Every structure is written in C-alpha cells, then in structure tokens.
Amino acid sequence: MLKHTIKALVCAVSIGLAGVAQAAESASTDPIVIKFSHVVADNTPKGQGALMFKKLVEERLPGKVKVEVYPNSSLFGDGKEMEALLIGDVQMLAPSLAKFEHYAKPVQIFDLPFLFDNIEAVDRFQASPEGRALLTSMEDKNITGLAYWHNGMKQLSANEPLREPSDARGLKFRVQASNVLEEQFKALRANPRKMSFAEVYQGLQTGVVNGTENTWSNYYSQKVHEVQPYFTHSDHGVIDYMLITNTEFWKGLPDDVRTELEKIIDEVTVAVNKQADDLNREARAAIEKAGTSEIIELTPEQRQKWREAMKPVWDKFEDEIGADLIKAAEASNTP
Ligand code: LMR
C-alpha cells in the first residue's frame with residue numbers, strides 16, 4: 001500500500017515537474033512583445049520611424065522580439081498612452097515633447113516659442129549633455145528616454161489669414177496638453193484649448209476651434225487643409241518626440257536583446273531625423289497642390305512681431321525649466 005502511494009507520489013511530482021519545465025521552455029521561446037502605440041499617421045516622421053523599428057527588430061531578433069505598431073490613436077490616444085506605458089499595457093511610445101510636463105518640467109523647454117532658429121539648432125541641443133540629461137530625468141517615474149526623433153518646425157493655421165499677431169486675437173486655437181503652449185496663445189490674446197490630436201480635424205471642422213499649430217506632415221496626413229483655408233509659415237516652435245519605454249521593462253530585458261534594440265534605435269533615429277525634413281517639405285507641397293488653402297509667407301518684420309508677442313512666455317516658465325537650460329538651448333542656435 002505504502003509502496004503504491006510512494007510510487008503515485010513520485011509519478012505526480014515528475015508529471016508536475018515536466019509541466020513546469022514545459023511552461024518554462026515555452027516561456028523562453030515565446031517572443032518578447034513590444035507594443036508601440038502612437039497618435040499620428042504612418043506617412044509622417046514618427047509613423048515611418050515606428051515601422052522602420054518594427055522591420056529591423058524582426059529582421060535582427062527573429063523569434064525573440066515581436067513589435068506591434070498601433071498608429072492613429074488606434075490603441076491609446078493622447079490622454080491614455082502614458083498611463084498605459086506605466087502599467088505595462090504598451091512598452092514603447094514617442095509622445096511629442098509637449099506632453100511631458102507632468103513628468104519633467106524642464107522638458108517644457110521645447111515648447112518655448114522662437115527659442116530654436118531651426119531644426120538643426122534643436123538637433124544640436126538634443127545632442128548636448130543638457131539635452132541628453134533630459135532623456136534620463138524621468139527614471140524615478142519609471143520612464144526611460146531612448147532617443148529624440150524629429151518631426152519639424154511648427155506652422156500656424158486658421159480660418160482667417162494670420163499675418164500680424166493681432167490677427168490671432170479672439171480666435172480659438174487647439175493646443176497640445178501643454179501649459180507653455182496655452183500661455184503662448186494667451187500672449188496673443190487668443191483662446192487656447194487643450195485637445196487630443198485625434199480630435200483636431202473635427203474640432204476645426206465644427207468650429208470648436210478656429211485654428212491650430214502643427215508641422216506640415218501632421219497637417220497634411222490629418223487632412224487639415226480641408227478645413228483650414230489659411231496656413232502661416234511661421235516656424236515659431238518645434239514638434240519633436242522622445243522615444244520612451246517603461247524603465248522596469250527595459251532593465252528587465254536580456255542584456256543581448258537590449259543591446260541589439262539600442263543599436264537598432266540608433267539606426268532608426270538617424271534615418272528618421274534625416275527624412276523628417278523631406279516629409280514635411282513634401283507635405284507642404286501636397287497642401288499647395290490641393291489648392292484648398294493659402295500659405296502665407298511672413299516678412300522678416302512680421303515674423304519679428306510674432307516673436308515679440310510670444311517671447312514673454314519664456315519668463316513665466318523660467319523657474320520651472322531652469323535659466324541655465326534655456327541658455328544652453330539658446331547657445332545651440334550657434335553652430
Ligand atoms: C499633436 O498632438 O499635435 C502632435 O504632437 C501629435 C504628434 O504626435 O505629432
């Protein structure tokens with residue numbers, strides 16, 4: 001009797017162990033899944049970057065890592081994507097730099113109007129020790145910055161022509177969820193309204209807002225030219241991205257996988273930043289070709305007026321951002 005019981009026990013234990021071993025085996029062969037969610041279309045700098053990342057990862061880490069890209073707010077929109085990253089529902093995002101104010105006040109620097117003369121200056125600042133330090137400044141909040149990706153310089157759009165800052169007075173402008181951008185439009189005596197990216201087209205179409213600011217590629221891919229008769233080539237600010245991941249997830253990856261992913265990210269970053277300008281130029285040309293809207297070029301005097309009208313915003317955020325950081329960013333205008 002005892003002999004039978006022992007035999008049965010040994011049998012049960014070995015079946016149990018086999019089950020555990022099998023589970024471990026399949027766990028070790030299941031690919032790591034990286035869900036990459038974003039809010040823009042595929043034919044934009046970020047959209048292309050996400051797809052390029054997926055392609056390279058699946059070529060170089062086949063069976064080990066699988067990347068699922070969710071564009072156009074199809075998985076999470078602006079309001080929810082950061083929370084989703086923090087609870088592990090997605091592993092990678094590339095929010096616009098305007099969307100970090102709850103996590104790191106100094107990142108607000110990228111929203112200051114007329115701080116960077118052009119995208120090359122933005123690039124130099126991002127590559128500087130001060131710019132690099134912002135990537136790791138949110139690790140205590142479980143957010144690791146992996147790279148900066150360019151979109152490009154922002155332009156204004158409205159249902160009325162904007163040539164002088166006073167033309168914006170009283171108009172309602174959609175802004176990203178950023179206090180700096182809200183203040184930027186208040187400085188013009190316009191009415192800013194924070195709205196998620198997915199709501200922009202409808203907001204403009206129905207008159208909830210009368211105008212907005214964005215890059216040519218975001219305008220064209222969202223068909224904003226169908227609902228905005230005027231664009232102003234203002235280059236008054238920048239829309240760029242921080243490619244981010246969940247710190248715990250990233251540190252928990254096998255070393256060889258993390259190293260390969262970092263190499264791929266470096267390659268994709270170079271490619272995205274090289275092609276962003278072309279995508280914006282093509283998008284601007286496509287808007288012109290559509291013939292639905294007028295693109296206003298500012299004279300140097302007019303552009304100077306916009307700068308003077310918006311610049312007081314800097315003082316309001318100097319304490320939160322840091323005067324030294326602003327100086328470092330200004331210095332990046334000189335090659
Ligand atoms: C916006 O919300 O206007 C953009 O920043 C969206 C994006 O990610 O480019």
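Reader: How many salt bridges are there, and by what rule are they counted?

Author: Side chains of opposite charge can pair when their charged atoms come close. A salt bridge here is a side-chain nitrogen of Lys or Arg within 4 Å of a carboxyl oxygen of Asp or Glu. By this rule the count is 21 salt bridges. This is a predicted model, in which local features need pLDDT of at least 70 and side-chain atom pairs count only at pLDDT 80 or more, while totals for chains, interfaces and linings use all residues. Residues are numbered from 1 along each chain as its sequence is written, and side-chain values use heavy atoms, with hydrogens and water left out.

Reader: Which residues does Arg60 pair with?

Author: One partner is Glu260, at 3.8 Å from N to O. That pair links distant parts of the chain, since Arg60 is in helix α2 and Glu260 in helix α10, 200 residues apart. Helices (H or I, at least four residues) and strands (E, at least two) are DSSP runs, numbered from the N terminus. Arg60 also forms a salt bridge with Glu267, where the closest N and O atoms are 2.9 Å apart. Arg60, Glu260, Lys263 and Glu267 are linked in a network of salt bridges.

Reader: What about the pair of Lys141 and Asp140?

Author: Their side chains meet in a salt bridge of 3.9 Å, N to O. Lys141 is partly exposed at 35% relative accessibility, and Asp140 is exposed at 66%.

Reader: Which residues form a negative surface patch?

Author: Patches are made of residues with over 30% relative accessible area and no salt bridge; like charges are joined within 9 Å, and nonpolar side chains (Val, Leu, Ile, Met, Phe, Trp, Tyr) within 5 Å. Asp and Glu count as negative, Lys and Arg as positive, and His and the chain ends are not counted. In this chain Asp315, Glu318, Asp319 and Glu320 form a negative patch. Asp315 lies in helix α12, residues 313-321, and counts as exposed at 60% relative accessibility.

Reader: How many residues does the largest nonpolar core have?

Author: A nonpolar core is a set of buried Ala, Val, Leu, Ile, Met, Phe, Trp, Tyr and Cys residues joined through side-chain atoms within 4.5 Å. The largest one has 41 residues, and Phe53, Leu243 and Leu261 have the most contacts inside it. Elements that give two or more residues to this core include β1 (32-37), α2 (45-60), β10 (238-246) and α10 (255-290). Helix α10 gives the most, with eight residues.

Reader: Where does Gly211 lie?

Author: Gly211 is in strand β8, residues 211-214. Gly211 is buried, with a relative accessible area of 0%. The C-alpha atoms of Gly211 and Tyr230 are separated by 9.0 Å, and the two residues are 19 apart along the chain.

Note on methods: Accessible areas come from the Shrake-Rupley method with a 1.4 Å probe; for residues, only the protein chains shown count as cover. The place of a charge is taken as NZ of Lys, CZ of Arg, CG of Asp or CD of Glu. Buried means under 20% relative accessible area, exposed over 50%, partly exposed in between (1.4 Å probe, protein chains only).
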